[in-house]
Amino acid sequence: MGMFCNQCEQAAKGVGCEIMGVCGKNPEVAALQDLMLYGLKGLAIYADKARELGVKDEAIDLFMLEGLFTTVTNVDFDPVSIAGKLRTCFDLKEKAKSLYETAYREKSGGHAPAVAAPPASWVIAGDLEGLIKQGQEQGVKSQHSDPDILSAIEIVVFGLKGMAAYADHAHILGKKDDEVFALFHKALAATTDPAKGLMDFVGIAMEIGKINIKVMGMLNEGHVEHYGHPVPTRVQIGTRKNKGILVSGHDLRMLEELLKQTAGKGIDVYTHGEMLPAHGYPGLKKYPHLYGNFGGAWQDQAKEFPHFPGAIIFNTNCIQRPADSYKDRLFSWGQVGWPGIKHIAGWDFSEVINKALECPDLPDAPEKEILTGFGHNAVLGVADKVIAGVKAGAIKHFFLIGGCDGAKPGRNYYTELAEQVPNDCVILTLACGKYRFNKLEFGDIGGIPRLLDVGQCNDAYSALQIALALANAFNCGVNDLPLSIILSWYEQKAHVILLSLLHLGIKNIKIGPALPAYLSPNVLNFLVENFNIGQITTVEADLKAALGQ
Ligand code: SF4
Ligand code: SF3
């Protein structure tokens with residue numbers, strides 16, 4: 001049984017995973033995820049048509065986010081969970097169809113014309129095996145065969161997946177927006193339209209970049225409304241002797257609930273990976289048992305989790321195949337799943353808490369402290385100092401070194417780059433790629449730390465606000481700032497952030513370690529010609545180019 005998936009940076013041989021996903025996704029799960037995308041296209045077609053007639057439905061809108069998020073890299077590997085979501089997808093597709101047909105009849109008095117695109121007539125096969133078979137047959141078929149159009153469609157679909165993850169987080173914080181829902185349906189439905197050409201999909205991709213800025217703004221608002229603006233905070237790394245729960249993923253609300261439920265229970269709560277910036281939020285750091293940060297980025301989990309003898313819970317990506325040594329104390333929540341791992345549905349974490357209490361104490365092994373919490377509010381709070389530093393020549397250049405981490409050896413580039421950035425330059429960082437260098441000493445320039453951790457990948461909005469405010473202060477465009485953007489990407493959230501940067505017209509971005517496998521040569525040329533996008537080369541050459549030497 002084969003598969004094809006090329007959505008992340010790990011795509012086998014730079015083309016796509018065909019036998020087994022490098023991420024651990026097997027062909028059965030790949031088929032189910034393909035069928036999910038197929039089903040969502042059917043749902044999108046009818047939801048879009050119903051919306052054109054003025055009818056919408058919140059369950060349909062929200063499932064679009066959930067369904068797409070499920071198919072993001074390193075999220076849901078559990079066939080039984082995906083099969084359950086597929087049944088919901090089918091039911092909601094039928095609901096959207098009937099909403100459209102009823103609205104049509106009411107408006108025009110006649111029967112709604114049948115829709116030609118196959119996902120619209122999707123009939124679901126019963127059991128798990130049937131679903132897998134159906135996924136294999138229908139999953140990856142497209143209405144198009146032109147390689148450039150296929151490439152542009154993948155850019156659209158992966159952009160929607162990334163945006164769905166952010167929109168789902170925003171919704172958990174009570175934020176939603178109708179324009180956002182409308183674009184999900186319209187854009188995904190468009191991918192089934194044989195009449196659409198290359199430039200249509202390029203336009204849709206740019207529209208996704210634009211709306212994603214809105215989504216990330218909503219997410220930022222949600223975080224700030226719930227937990228206040230992040231403030232610069234020293235975070236203890238390592239562990240101390242006590243019971244412990246490690247929280248991995250991106251979801252702050254889930255962490256807050258866990259902090260409430262563990263208060264006074266003699267349990268310390270630790271952040272892992274992208275949860276690190278949680279320590280900077282006043283509404284979360286007020287919990288004294290939010291003790292510290294453990295481990296590095298996601299790809300080191302199987303090596304590091306055996307050394308964390310407490311309970312561990314993932315609330316979003318990136319989960320990997322768990323080793324037997326910690327499988328029985330691992331939990332998933334939200335869209336994340338792994339077969340055989342206990343999934344917590346809802347907001348009651350007593351099972352996780354009981355497991356932590358049963359587990360032995362963590363070792364008494366505190367390490368150093370690191371700094372986080374430089375969201376746009378904190379950085380712009382010292383904007384005068386920063387601007388004066390630039391004007392006086394004390395700060396020569398800014399580097400935004402952000403994005404995902406991953407397992408490939410080529411990612412050492414980012415460590416070396418951060419190390420070799422000259423002492424009169426400031427590094428802004430965000431997302432899990434920073435684990436490559438956030439424990440190193442960078443010093444400061446006139447009291448401004450040279451390494452500023454803006455937050456999670458979810459906080460890309462904050463980095464944008466900083467760039468826009470600097471451009472405003474210097475009365476120029478972002479492209480004219482002494483700023484170089486050097487990104488590491490891995491999955492679809494990084495991809496959609498890139499679309500947002502392109503929508504803003506930001507040029508000269510360097511990405512790596514590898515270029516996306518889904519860029520056809522002509523689409524890549526288009527990006528180079530219009531945005532001067534480039535792959536990272538060597539640290540020396542890229543630094544020289546950035547500093548205009
Ligand atoms: Fe391969 Fe990435 Fe797809 Fe996993 S998500 S199967 S690693 S391309
Ligand atoms: Fe990391 Fe998965 Fe992208 Fe949020 S946790 S940045 S890879």
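**Ground rules.** I'm working with a predicted model, where local features need pLDDT of at least 70, side-chain atom pairs count only at pLDDT 80 or more, and totals for chains, interfaces and linings use all residues. Residues are numbered from 1 along each chain as its sequence is written, chains are lettered from A and ligands numbered from 1 in the order written, and side-chain values use heavy atoms, without hydrogens or water.

**Ligand 1.** I looked up its neighbours (a residue is near if one of its heavy atoms lies within 4 Å). Of the 13 residues around ligand 1, Cys-5, Cys-8, Cys-17, Cys-23 and Thr-73 come nearest. I sorted that shell into seven nonpolar, five polar and one charged; Cys counts as nonpolar, and Gly as polar.

**Ligand 2.** Around ligand 2 I found, among others, His-250, Glu-274, Trp-298, Cys-318 and Cys-404. Its shell has seven nonpolar residues, one polar and two charged. Which domains give residues to this shell? Domain 2 (233–358) and domain 3 (376–546) both do, so ligand 2 lies between them; the bounds come from an automatic or database domain assignment.

**The sheet.** I followed six strands through an open, parallel sheet in the order β13-β10-β9-β14-β15-β16. Strands here are DSSP runs (E, at least two residues), numbered from the N terminus, and two of them pair if DSSP finds at least two bridges between them. β13 (451–455) and β16 (534–535) are the edge strands, each pairing on one side only. I then checked β9 (397–403) against β10 (425–430): they pair in the parallel sense over four bridges. Leu-400 has Leu-428 of β10 as its bridge partner.
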